[in-house]
Each structure stands twice: as C-alpha cells, then as structure tokens.
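Work through the exercises below with the sequence and the model open. Each task is followed by its solution in steps.

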Amino acid sequence: MAGREVSPKILVNFAAEPAVVRAIEEWWKWMTVEKNCSDHTLDAYARDLSAFFKYLSPHLGFPPGLSDLENLTTIDFRGYLAKRHNDGLSRSSTARAVSTLRNFFKFLDRRELAHNAAIKAVKTPKLPRSIPKPLSEIEAREALSVIGDLHDTPWIAARDMAVLTLLYGCGLRISEALNLNVEDVPEGDAMVITGKGNKQRVVPVLPIVLDAIAYYRKLYPKRLKKSGPLFVGAQGKRLNAGIIQRQVRKLRALLGLPSTATPHALRHSFATHLLA
C-alpha cells in the first residue's frame with residue numbers, strides 16, 4: 001500500500017472534537033490499508049460520513065465528542081435518515097449511508113472508543129431487487145457499434161468503444177477495465193485480471209478486443225506511458241467510471257434499451273453468450 005493516501009479528506013468539512021477526528025483517521029487508515037477498499041468505496045464512505053457529521057453538529061448544537069457518539073439514540077439516527085429523505089436522496093443512497101455508519105460505529109466499538117447499540121436498531125431502507133439482465137447478442141453488438149457515435153472527438157469515441165468491448169469481450173467489471181495500465185495489455189489471447197479481494201483469474205482475449213484497444217491508442221494524440229493508465233480522460237488522468245456510465249445511459253436512450261442495460265450487464269452478457 002506504499003504511496004496510497006491514508007488520511008481522510010472529510011475532516012475539513014465538519015466540526016468535531018479532537019478525539020473524534022483521531023478516531024476517524026484510524027478508521028480511514030484501517031479501511032485503506034487493512035481492508036484495502038477501492039478508491040471508489042473510500043470516496044463513497046467519505047461523502048457519507050461527512051454528510052452525517054454535517055447533520056450531527058447542528059443537531060446536537062455543538063461539535064460531537066466520543067461520548068456524544070456513544071449516547072446517540074435511534075431517534076437521532078432516524079432524524080438524519082428523515083433529512084436525507086426530505087432532501088430527495090434515493091433509497092439506495094441512504095441504504096449505503098446506513099452501511100457506512102454501521103461500519104464506522106462497529107470500528108469504534110472494536111477499538112473500545114465508543115459503544116452504541118442504537119445504530120444496530122436502525123433499519124436499512126428496503127430496495128427493489130434487481131438482477132443485471134444480459135443484453136441479447138444483437139443489442140450487445142449494436143451497443144458496441146453505436147457508442148463511438150456519441151462523441152465528436154475521434155480518440156474519445158474510440159476509447160469508449162474499447163472500454164465496452166473489454167467489458168463484453170472479456171467479461172470484465174468496469175473497475176477492472178479502468179484499472180488496467182498500458183503494460184497490462186496482452187500480446188497473446190489471454191490476460192490475468194486482479195478482481196475483488198485481490199483474487200486473480202485468467203480471461204480469454206478475442207482479437208476484436210485487441211483491435212479496439214490498438215485503434216484507441218493509435219488515435220490518442222499523446223503517448224501513453226507504459227506504467228500509466230490505459231484508459232484516460234480528457235485531462236490525461238485515469239478514466240472515471242462515471243463517464244462510461246453516463247455514455248451508456250445515453251446509449252440506452254438512443255437505442256431504446258431497458259434500464260438494466262448497464263456496463264455491468266455487458267459482463268453478464270459475456271457469460272451468457274459464452275455459454276450459448
């Protein structure tokens with residue numbers, strides 16, 4: 001984990017007693033180093049905890065200390081959830097926020113910094129069950145061919161097509177595709193992918209995938225460093241998953257695809273079509 005940021009950026013956003021600040025720093029370090037959470041997960045946790053403390057200080061009337069966290073009741077937590085609801089935040093977002101709070105308070109309890117039983121009684125908002133549905137072969141092929149038409153800049157259009165081709169052609173998660181460096185691009189017909197929990201697997205690589213990546217690299221106006229990210233944004237930094245997700249939403253509207261047509265659904269399409 002050398003060189004990875006382990007200090008939370010959330011502390012500048014709210015007031016809390018020094019002991020609480022130190023506890024958050026220790027929790028963040030534990031999540032970053034020991035739990036090895038992804039940057040995406042860490043960012044989500046940071047936003048959630050920041051939002052909670054921004055609510056808590058005015059709610060209590062003073063910056064909270066560890067004893068104040070210990071004495072919070074279910075009414076306090078439900079008041080926070082009610083505010084989120086009134087602010088128009090989605091149930092899925094609030095469910096994640098509850099998960100963040102449980103994670104944080106469980107850490108406090110484990111380190112014997114504060115014991116709060118009330119958080120365990122707070123119910124997570126029920127979410128509609130939805131399973132990613134694979135696209136048909138025709139829909140998948142159409143999506144790959146059309147996504148390049150959604151951007152006027154040739155290299156960006158080629159990049160988006162290469163990313164989707166990787167998701168569908170190799171069955172990669174979007175995070176796995178965007179975490180690839182240039183040196184990870186295989187020369188043969190297989191590549192090793194490090195997925196969740198640092199587990200590695202070998203995936204087949206079709207010629208169409210390599211062709212799409214090569215075409216994107218050919219059009220990119222600068223030279224991609226071998227040890228740097230394979231897929232980059234307009235500023236030359238590693239591509240954010242939100243950009244691809246936004247393009248896929250545009251794609252759904254253009255092709256009339258269902259809401260289940262997501263980047264993750266392309267991965268399920270790969271498995272389904274491979275079995276077929």
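**Exercise 1.** Is Lys35 buried, exposed or partly exposed?

Solution. Take the classes first: buried means under 20% relative accessible area, exposed over 50%, and partly exposed in between (1.4 Å probe, protein chains only). Lys35 has 48% relative accessibility, so Lys35 counts as partly exposed. Helices (H or I, at least four residues) and strands (E, at least two) are DSSP runs, numbered from the N terminus.

The model is predicted: local features need pLDDT of at least 70 and side-chain atom pairs pLDDT 80 or more, while totals for chains, interfaces and linings use all residues. Residues are numbered from 1 along each chain as its sequence is written, and side-chain values use heavy atoms, with hydrogens and water left out.

**Exercise 2.** Which residues gather with Lys35 in a patch of positive charge on the surface?

Solution. Patches are made of residues with over 30% relative accessible area and no salt bridge; like charges are joined within 9 Å. Lys and Arg count as positive, and the place of a charge is taken as NZ of Lys or CZ of Arg. The residues that gather with Lys35 in the positive patch are Lys106, Arg110 and Lys120.

**Exercise 3.** Describe the surroundings of Asn116 and the polar atoms its side chain meets.

Solution. Asn116 sits in the loop between α5 (91-110) and α6 (137-146). Its relative accessibility is 8%, so Asn116 counts as buried. A polar atom of the Asn116 side chain lies 3.3 Å from the backbone oxygen of Glu70. A polar atom of that side chain also lies 3.1 Å from the backbone nitrogen of Ile119.

Glu112 is found in the loop between α5 and α6 as well. Phi of Glu112 is near 55°, a positive value in a residue other than glycine. With a relative accessible area of 65%, Glu112 is exposed.

**Exercise 4.** How many salt bridges are there, and what do they join?

Solution. Side chains of opposite charge can pair when their charged atoms come close. The rule asks for a side-chain nitrogen of Lys or Arg within 4 Å of a carboxyl oxygen of Asp or Glu. The count comes to six salt bridges.

- Asp48 and Arg96 meet at 2.8 Å, N to O. Asp48 lies in helix α2 and Arg96 in helix α5, so this pair ties together parts 48 residues apart in sequence. Asp48 is buried at 3% relative accessibility, whereas Arg96 is partly exposed at 30%.
- Glu176 pairs with Arg201, the closest N and O atoms being 2.8 Å apart. Glu176 is in helix α8 (residues 174-178) and Arg201 in strand β2 (residues 200-204), so the pair links distant parts of the chain, 25 residues apart. Glu176 is buried at 5% relative accessibility, and Arg201 is partly exposed at 24%. Arg173, Glu176 and Arg201 are linked in a network of salt bridges.
- Lys83 pairs with Asp87, with 2.8 Å between the closest N and O atoms. Lys83 is partly exposed at 39% relative accessibility, and Asp87 is partly exposed at 49%.

**Exercise 5.** How many helices and strands are in the chain?

Solution. The chain has 11 helices and two strands. Along the sequence they follow the pattern α-α-α-α-α-α-α-α-β-β-α-α-α. Of the 276 residues, 43% count as buried.

Notes. Patch = residues over 30% accessible without salt bridge, like charges linked within 9 Å, V, L, I, M, F, W, Y side chains within 5 Å. Areas by Shrake-Rupley, 256 points an atom, 1.4 Å probe, with all protein chains shown as cover. Polar contact = N/O pair within 3.5 Å; in protein donor to acceptor, adjacent residues only side chain to side chain.
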